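Keep the sequence and the 3D view side by side as you read.

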Amino acid sequence: MSDWKTVDDFAKGIDGNRLPRSGALVGLRWTVRHDDGGQVELSFTDESTVEWSTGDAKGTDWYEAVEGAPGTFFVSLLFAATPRESAVLVADLDSRRTLTVESTIAETRTEGVPQVSQVFRPGVLDTGDGVGPRGEAPAPSRDLIGWRALYRYSPNHLYEHVYLSSERYAWQCLVGEQRGHGDVDLATAYRIAENRYVFTFREFRIPVATTWLYDLDAMRTTGTFFGLNGEGEIRNAPGGAHITSLGRVSYPEDQPV
């Protein structure tokens, strides 16, 4: 579609209902140990600067932390040396569990494949106080399948989501620059605690992927869009929404989706 909107078109103001940035991590040192091996050391020097190291690599880069649910932080990270890569660390301070979502923008497009890919890395959080992980570990979830909801990002941004399967969801824009547009994209959901989920999707039509923390107790989301605009420039756009549930359908047990 020639009139298909890019991230610059629809993202302006889409953070109108986003929770505020938090300074709670300033001065803290964290170690994130991934279940698949390796670890990342993080030192938060101020509200937007983090010193990090993993293996032989290290750097000082931008971050933003939002307490997307009580005791659960949504930490976005960008890397100056590798600008086509970003990460979101979701850290639950109560369970000391983490989920890191790593997004990468491919240099070229491949037909039928989202240009922005994502890797999911559950892990544990060491804050240096000797407290270990407890409770459930982040894991892929089917809990959202069959749910239909509205997402109000601002007075000028209203979207509907329908969660179709463990790999697909459908969306349509009801209010905003994308009004009248909709699609079915690749999606992934992880449960990180009761009523808390990390939901991501990777678009086919434009080079954009998103990562969201859902707090279904407060019915709010905190997230970010990462990808390219119409001129091929890298964008990392914050977002946040209030959720209104529209209902749920249940599929027959003998009809897996």
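Predicted model: local features only at pLDDT ≥ 70, side-chain atom pairs only at ≥ 80, totals over all residues.

How are their rings arranged? A pair of aromatic rings is described by the distance of the centres and the angle of the planes. By the pairing rule used here, the structure has 17 aromatic pairs. In the pair F199 and F201, the ring centres lie 6.3 Å apart and the planes meet at 50°, so this pair counts as tilted. Planes under 30 degrees apart would count as stacked, and planes over 60 as edge-to-face.

F199 and F201 belong to one aromatic cluster, together with W147, Y151, Y163, Y169 and Y214.

Now look at the contacts of F199. Residues up to four places away in sequence are left out here. F199 then touches the aromatic residues Y163, Y169, W212 and Y214, among others. Its contacts also include L144, A187, T188, A189, T210 and T211.

Next, step back to the nonpolar cores. Which members of the largest core touch the most other members? They are Y151, F199, Y214 and F225, out of 29 residues in this core. The largest share, 4 residues, comes from β10. There is also a second, separate core. This one has 18 residues, including V50, Y63, A65 and L77.

Now turn to the empty spaces. Rolling a probe the size of a water molecule over the atoms shows where empty space is left. By the rule used here, there are 3 cavities of 30 Å³ or more.

Which residues line the largest cavity? The lining consists of F10, I14, Y153, Y159, H161, Y169, W171, Q178, F201, E203 and F225. Note F201, from the tilted pair, in this list. The space inside comes to about 110 Å³. β11 and β12 each supply at least two residues of the lining. By type, the lining divides into 8 nonpolar, 2 polar and 1 charged.

The second largest cavity has a volume of about 80 Å³. It is lined by 14 residues. Nearest its centre lie L144, S165, S166, A189 and F199. So F199, the partner in the tilted pair, turns up again. β12 and β13 are the elements that give two or more residues to this lining. The largest share, 3 residues, comes from β13. The lining divides into 7 nonpolar, 4 polar and 3 charged residues.

The largest pocket has a volume of about 480 Å³. Which of its 25 lining residues are the closest to its centre? They are V40, T54, F79, A87 and E102. The elements that give two or more residues to this lining are β1, β2 (39-44), β3 (49-54), β4 (57-69), β6 (85-92) and β7 (97-105). The lining divides into 10 nonpolar, 10 polar and 5 charged residues.

Stay with strand β6 for a moment, and find S86 there. Is S86 buried or exposed? With a relative accessibility of 7%, S86 counts as buried. Leaving aside neighbours within four places in sequence, S86 is in contact with L77, L78, F79, V101, E102, S103 and F226.

Two loop residues give a contrast to look at. A106 sits in the loop between β7 and β8 (116-126). At 31% relative accessibility, A106 is partly exposed. Beyond residues up to four places away in sequence, A106 touches R84 and Q115. A106 and G227 are 121 residues apart in sequence, with C-alpha atoms 9.7 Å apart in space.

The other residue is D15, in the loop between α1 and β1 (29-34). D15 has a relative accessible area of 35%, and is therefore partly exposed. Apart from neighbours within four places in sequence, D15 is in contact with Y153, P238, G239 and G240. D15 and F44 are 29 residues apart in sequence, and their C-alpha atoms are 24 Å apart in space.

Key:
Residues numbered from 1 in each chain as written. Heavy atoms only, no water. Phe/Tyr/Trp six-rings, centres within 6.5 Å; stacked < 30°, edge-to-face > 60°. Core = buried A, V, L, I, M, F, W, Y, C linked by side-chain atoms within 4.5 Å. Buried < 20%, exposed > 50% of the residue type's maximum accessible area, 1.4 Å probe, protein only. Contact = heavy atoms within 4.5 Å. 1 Å grid on protein atoms, 1.4 Å probe; cavity = no way out; pocket = protein on both sides within 12 Å on 5 of 7 lines; lining within 4 Å. Points joined across faces, edges and corners; volume = space filled by probe spheres on them. Nonpolar A, V, L, I, M, F, W, Y, C, P; charged D, E, K, R; others polar.
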